[in-house]
Structure formats: C-alpha cells, structure tokens
Amino acid sequence: MKKKKIMNKNLVNILKCIKFILKAVAYITLEICYKWKWLVSFLYLVLCYILNSTIFQFEIVYKFLNHDFIKSITFNQFYKDVYIPIYFFELVGLILLAIWLRDNFKIKEYKQEEIKGVKGLKNANNKTPYLIKIKRAWVNLRMVVMIFNANSININKWQEDETKADLETALNRIIVEIEPYKNTKNKVKVTTIKPNNKIPQKIDWNDKNLDCDSSIYYLGENLFKKITRNINDTPHFLVAGSTGSGKSIMLDLLIYQSLHKGYIVRGCDPKMTEFIGWHNLTIKNFDFFYKKAEDKQCQIATTLENALEDLKIIDKELTQREIEFKDLKCRDIDKYNKIMSKKWQGVYADKFTPLSRIIYVFDEFVEISNKKYKDIAEDILDILTRIATRGRSLGIHLILSAQRPDHKLIEGQIKSNLDNRICGRTSDKPSSEVVLGKGNYEGNTLIKNGEKGLFVTNNGELFRGYYLDQEKVIENLHNQKVIDGEPNL
C-alpha cells in the first residue's frame, strides 16, 4: 500500500509538472503570436475556467468519476487527488491550439526560383537574382523575410524606388525594408508584409506609453512598430498639416507627455483655441532659474507680443544655463542634474527638484510673417534661432507647427536643427517639400484626402498618431485636483 501511495504521489507530481510545462509553452506561444493572440487567449482562459470551476469539479466530475469504467483507469482511489478528465481536456485543447498556430503561421514550401519582371535587377550577364530562403520575422509574425542571392547586383540598386515598386509587384507583397543579409555582399534580405494589412483608422493613447523618467516621446504606431523620438538625440519638432489632418492632436500628445515628464511648457496660440485646456496647468514639480511664485508648469500666450515676453525669459534662461553648465563643467542638462543631486544629498535631499527641460510650442508659426507683426517678428526669429542651435544640451526645445509652412521662415539655422519633422496631409506639394525635404511630396501624395491622424516623417516612416482626447484628459486631471499650480505629489 505504501509503495502504491508513493507511486500515486510521484504520478501526481509528474502530471503537475507536465501540466505546468504545457501551460507555459502555450502562454509563450500565444505571446509570440501577434495576429489573433487576444482572441485565442480569451477562448483558452474560458476553457480553463470551465474545466477548473468549482461546479464542474465537485458535482459533474465527481459523478462522472464514480462510474465503474473511470474507476478502473484511475487506479482505485487516485481520482480523488487528480481529475484525469481535466488533464485530458486541457491536453487536447493545447494540441488543437498548437495545430491551429502551425497552420496559420506556417511558411509554405518554396523552390529556389528567379525573380522575373523587375527591370533594374539584372547583372552584366543578364541574369536575375533568385530566392534562396524564406522565414517568419519573429519580431512581428505578420512579416515574412525573404533572402535572395543578389547575383552581383549592388544593394543600392535594390533600394531604388523604381526597383522596389517593381519588386513589390512581382512578389505581391509590401516591402518594409531591404538590407544586406548578415553583412554579406551577395545576399539581400527583403522584409515584406501582405498587401491587405492596413494601419488602423484610430489608435487610442494609452498611459502605459508614458515614460516619465526618460526623454523619449511616443508619437504613434504603424504595422511594424511604435514610432518614438528621443529629444536628447533630435531635440526639436516641426509638425505640419492642413485643416483636419490631426496636427492639433499631435501637439496635444506632445504637450501631455511633456507635462507628465515634469517639463515646463510655454507656447503661443494665436488662434486662442488650440491649447486652451492646458493653460495654467501644473501636474508635476518643476524648476528653472527664472521661476516666479505665480508661474504654472504650462502657460500659453495668445498674442505674439506676449509670446515675445515669454521668449525673452527663455532666452535669459538659456544664457544662465550656459554659465551654470560651464562652471560645473557639464555637457548637458542630465549631467548637471546628477551633479546637483549629489550636492543636495543629506538633509535637503527630499527638497531637491531637478532642473526642468523647457518645451516651447509655437502653433501657426507663419503668423509672424504678417505685416502687422513686422516690428517684433525679427526679435522672435532671433530667439528661436538661438534655441534651435544651442538648446539641445541645455534642455530647451522647440515644437513649431503650421498648416502651410513658409520656406522663407523655416530655413537656415532653424530648419537645419528641426530634425523631427512630422507631416500630415498637405494641400499641395510645396508644403510637403518644405517639411520633409526637397523633392519629397509624400505629405501630399501618400496621405489621401480625409485621412486624419496619418503622418509621415522625414525618415519616410508612415504611421498613425495616437488619439488623445484632450477634453477627457483635462477632466480627469481636474478630478485628480492637479490643476491651478497644485502639483500631483
């Protein structure tokens, strides 16, 4: 009897281990799979809940296990400790799940064959490249990687726009990226996706994307990844787009993240409607050299005269920071805050507030070209130019916005430092060219009329910007009592 009990306990432990391993494999597989993972996870959890519910275990299963046939295969009293039918159903469910995953994510068999119909892809002997390998991209299972023998055709030829378009037609797939395969010269890696995949019409903002401890901003998503920008590397933004393109939502998104990071936001809103919800709002503690008692974390000017006053304060701040950083031999604002935090260690450590970055948002930037602002336009441009050229290491950044950007205003020192260029739908090709660069008309040709929230960057990334409901966010902040200078501590 003792041997029998020991054997039963060992069998119980073995079955538990098998069950745990199978569940772990299932969850890992579901996490890897992207397309239907939430649906399959939901169905699997429902199945597990039904099979392991109290009613099922103690009523139905108990009666079922009392059957003579079941007793015969459960080693007499063993069924009291382990419900074999539950393990059996879960095992069958996992097998069916594995079969479904295999069928849906299996790469079909292929033959090594030449790629025909692409005019530019021919070598000196008039031979075309051929496919030698195909596999799933594990970063995103919707993408398929094709490896080609290049047949001595230079990678630059593969990456030309005309060649890429012909290759997409020949493969009947959208090409995501073309690059050398493992740094070899005669093999090319082409990452593709099915043409029926489309960027969602709307992607709601999720506060899980908030990264308050870093200088990274989350802008949106496309089929392949989240689009982010680090203002330590590319410090200034230019956002453009015609009415209804979603430009205002993008600006709200940048302001919202800036406030949660503890940055100071100053801006100019000539239309007096875009940023009204953010005005006089304080979410986190902030600090800068020219701080006044009545200052709020976010303040918006509605006239260019008031904007010039704000810019003059920022210009003084810029000069003071240069002096302070030089005295402490700091290269940037992060280094300065590290040194100062060490100095404050001890009794006053809890009172130390790091020096905040300053974000200046200028909506409808082209307003300064209006003749009635001729007297102050030059002063505004001078300060903006100083911020654009010297602000990165000092933690002072620009976000300029316009419906129809003017190449006469956005050029020279300012434009060369606006590395983050985001363009929504534009009304004409020249406006797209001013934002994205010479000869780049994607803001007008790639984004169709009526597309709201779809943007293209100067790096050629097409993405859907996150939708942030400003009214809902401001209402939540009111409920949390973090407005009118009262920080959320």
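Colleague: Hi! What covers the buried residues of helix 7?

Modeller: Strand 2, helix 6 and strand 3 are included in that cover. Helices (H or I, at least four residues) and strands (E, at least two) are DSSP runs, numbered from the N terminus. Buried means under 20% relative accessible area, exposed over 50% and partly exposed in between, with a 1.4 Å probe and protein chains only. A contact means heavy atoms within 4.5 Å.

Colleague: Good, and what sort of model are we looking at?

Modeller: This is a predicted model, in which local features need pLDDT of at least 70 and side-chain atom pairs count only at pLDDT 80 or more, while totals for chains, interfaces and linings use all residues. Residues are numbered from 1 along each chain as its sequence is written, and side-chain values use heavy atoms, with hydrogens and water left out.

Colleague: Which residues of helix 7 are buried?

Modeller: Thr163, Leu167 and Leu171 are the buried ones. Looking down the helix 7 axis, they fall within an arc of 60 degrees, so they line one face of the helix. That arc is taken from the directions from the helix axis to the C-beta atoms. On the other side, Asp161, Glu162 and Thr169 are exposed.

Colleague: What follows helix 7?

Modeller: Asparagine 172 does, and its phi is positive, near 55 degrees, although the residue is not a glycine. Asparagine 172 sits in the loop between helix 7 and strand 3, and is exposed at 54% relative accessible area.

Colleague: Where is serine 152, and what is its phi?

Modeller: Serine 152 is in the loop between strand 2 and helix 6 (155-158). Its phi is near 65 degrees, a positive value in a residue other than glycine. At 66% relative accessibility, serine 152 counts as exposed.

Colleague: Changing topic: what is the volume of the largest pocket?

Modeller: About 1,400 Å³. On a 1 Å grid over the protein atoms alone, a pocket is an open set of points where a 1.4 Å probe fits, with protein on both sides within 12 Å along at least five of seven lines; lining residues have an atom within 4 Å of a point. Grid points are joined across faces, edges and corners, and the volume is the space filled by probe spheres set on the points.

Colleague: How many residues line the largest pocket, and which lie nearest its centre?

Modeller: The lining has 39 residues, with Ile174, Ile175, Val176, Phe224 and Leu462 nearest the centre. Strand 2 (143-149), helix 7 (161-171), strand 3 (174-180), strand 4 (187-193) and strand 15 (462-467) each supply at least two lining residues.

Colleague: And how does the lining split by class?

Modeller: It has 19 nonpolar, six polar and 14 charged residues. Ala, Val, Leu, Ile, Met, Phe, Trp, Tyr, Cys and Pro count as nonpolar, Asp, Glu, Lys and Arg as charged, and the others, Gly among them, as polar.

Colleague: Where is leucine 394, and what is it in contact with beyond its sequence neighbours?

Modeller: Leucine 394 is in helix 11 (residues 374-394) and is buried, at 4% relative accessible area. Leaving aside neighbours within four places in sequence, leucine 394 is in contact with Leu318, Arg321, Glu322, Phe325 and Ile333. Leucine 394 and aspartate 334 are 60 residues apart in sequence and 9.1 Å apart in space, C-alpha to C-alpha.

Colleague: Last one: how many helices and strands does the chain have?

Modeller: The chain has 15 helices and 15 strands. Of its 489 residues, 45% count as buried.
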